[in-house]
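Please have the sequence and the three-dimensional model open side by side before reading on. The paragraphs below move from one region to another.

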Amino acid sequence: MRRRSFLRAAVIGGGVAAFTGGLWTGAAVGGPIRRLAESPYGPLLPADGNGLELPEGFTSRVIAHSSDKVEGTSYTWHDAPDGGACFADGDGWIYVSNSEVEPGGGVGAIKFDSGGGIVDAYRILEDTRRNCSGGATPWNTWLSCEEVSYGYVFETDPWGVKTAVRRDAMGSFNHEAAACDPVRKVIYLTEDEPDGCFYRFRPNNWGDLGAGGLLEVLVAGDGTSGKASWVEVPEPTPAEGDTPTREQVADAKHFDGGEGCYYAADRCWFTTTGDSRVWQFNVADDTFGLAYDGDGSLGAVDNLTGSSFGDLYVAEDGDNLEICIITPDDVVAPMLRMTGQDSSSLTGPAFNPAGDRMYFSSQYGPSGEFSDGYTYEISGPFRH
């Protein structure tokens with residue numbers, strides 16, 4: 001069976017993936033990936049007209065720029081575009097993108113036809129605070145997270161038809177990202193604090209976050225691998241000034257700046273930018289370990305996504321502004337590099353449903369200003 005077919009079967013059927021390599025089988029017990037090698041896509045070529053170094057066969061285009069109207073629409077693209085995701089829309093798709101500004105925040109969306117042409121753009125959330133990353137749900141909503149102390153998660157409609165709703169039961173803390181596990185019917189959450197925690201939310205009714213649920217925090221020792229357990233957070237929505245969620249459980253495991261979060265086939269990966277690590281949590285047996293330990297060209301790890309082939313794509317918040325690939329056979333290498341935008345951050349990587357186009361943003365653009373963010377589309381022979 002082809003790897004992409006096996007991964008999809010594992011995700012749908014709830015089986016444990018059995019790929020070779022540390023990314024899938026060894027990270028939690030055999031130590032982090034350290035082998036750096038050439039990308040499976042080959043070396044990066046000189047920068048194109050958009051300042052992007054890409055492998056042979058790949059092309060880029062700008063689809064939106066902060067403060068300007070998205071081409072062919074009346075929507076002005078938001079400042080500081082951050083975390084994003086794609087949703088199937090008939091033969092086309094929708095890319096949603098957070099706005100990491102305060103005040104304002106919110107989420108914008110761009111709708112594409114089957115050929116990748118832009119047909120609409122619009123707002124799906126507004127008047128929130130520093131919407132950083134988030135996560136897509138199996139029922140086709142976008143969970144947009146506020147990256148502020150005592151921040152919240154907002155459930156939004158990518159089509160902009162239903163009103164966005166704040167989901168208090170998912171906790172009040174410095175939210176970063178979310179990843180849904182459809183097998184165990186839980187949502188994993190990261191916290192962007194130097195002593196942040198890793199959480200899971202257990203909805204009372206899977207598919208209806210308005211029905212409330214239970215917020216739990218990961219409990220484990222001080223090591224970088226081992227067995228973990230979950231403990232209920234006593235007060236998931238503390239008022240400002242009250243004891244934060246990350247300090248309510250004495251044995252909670254702390255991580256240095258939780259960032260991106262991605263689930264597939266009984267694994268949940270998340271990044272910590274303070275130490276440039278990629279963690280792997282095996283949800284089938286509650287073990288954890290390092291998939292990548294910041295020992296190489298990938299630094300300032302931030303948002304991440306995955307492909308149906310089994311590759312992870314990790315964006316850098318600074319460093320040399322790359323999106324790096326981590327393959328199932330332990331290769332860590334740059335897939336693209338942004339030039340001429342040294343004061344920016346790469347954010348929001350996400351694939352369209354077919355897996356042949358990737359979207360991401362340069363949050364502050366060449367000027368380093370919130371109002372100069374660029375959102376790009378990369379097309380080419382992605383492994384999928």
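Predicted model: local features only at pLDDT ≥ 70, side-chain atom pairs only at ≥ 80, totals over all residues.

Residues are numbered from 1 along each chain as its sequence is written, and side-chain values use heavy atoms, with hydrogens and water left out.

We may begin with an open sheet of five strands, whose order is β1-β24-β23-β22-β21 and whose pairing is antiparallel; strands (E, at least two residues) and helices (H or I, at least four) are DSSP runs numbered from the N terminus, and two strands pair if DSSP finds at least two bridges between them. At the edges lie β1 (52–53) and β21 (301–306), each of which pairs on one side only. Inside this order, β22 (residues 312–316) and β23 (residues 322–326) are joined in the antiparallel sense by four bridges, with Leu312 standing opposite Ile326 in β23.

The largest nonpolar core has 21 residues, and the members that touch the most others are Tyr313, Leu336, Ile378 and Phe382. Such a core is a set of buried Ala, Val, Leu, Ile, Met, Phe, Trp, Tyr and Cys residues joined through side-chain atoms within 4.5 Å, where buried means under 20% relative accessible area, exposed over 50%, and partly exposed in between, with a 1.4 Å probe and protein chains only. At least two residues of this core come from each of β22, β23, β24 (332–338), β25 (346–351), β26 (357–362) and β27 (374–379), and β24 gives the most, with four residues. Leaving aside neighbours within four places in sequence, Tyr313 has contacts that include Leu304, Ile323, Ile325, Met335, Phe351, Met358 and Phe382, a contact being heavy atoms within 4.5 Å.

Elsewhere, β8 (residues 142–146) and β9 pair in the antiparallel sense over four bridges. Their hairpin has six residues between the strands, and there Tyr150 takes a positive phi near 60 degrees. Along β9 (residues 153–156), Val153 and Glu155 point one way and Phe154 and Thr156 the other, all of them buried. Glu155 stands opposite Leu143, and opposite Val165 in β10, a strand (residues 165–166) that runs antiparallel to β9 and is joined to β9 by two bridges.

The largest pocket has a volume of about 1,200 Å³. Among its 42 lining residues, Cys86, Ala136, Tyr262, Tyr263 and Gly306 lie nearest its centre, and the largest share of the lining, six residues, comes from β3.

> On a 1 Å grid over the protein atoms alone, a pocket is an open set of points where a 1.4 Å probe fits, with protein on both sides within 12 Å along at least five of seven lines, and lining residues have an atom within 4 Å of a point. Grid points are joined across faces, edges and corners, and the volume is the space filled by probe spheres set on the points.

Two single residues complete the picture. His65 belongs to β2 (residues 59–65) and counts as buried because its relative accessibility is 17%. The side chains of His65 and Asp372 are joined by a polar contact of 2.7 Å, that is, a pair of N or O atoms within 3.5 Å of which, within protein, one must be able to donate a hydrogen and the other to accept it, residues adjacent in sequence counting only if both atoms are side-chain atoms. Glu235, in the loop between β16 (229–232) and β17, counts as partly exposed because its relative accessibility is 37%.
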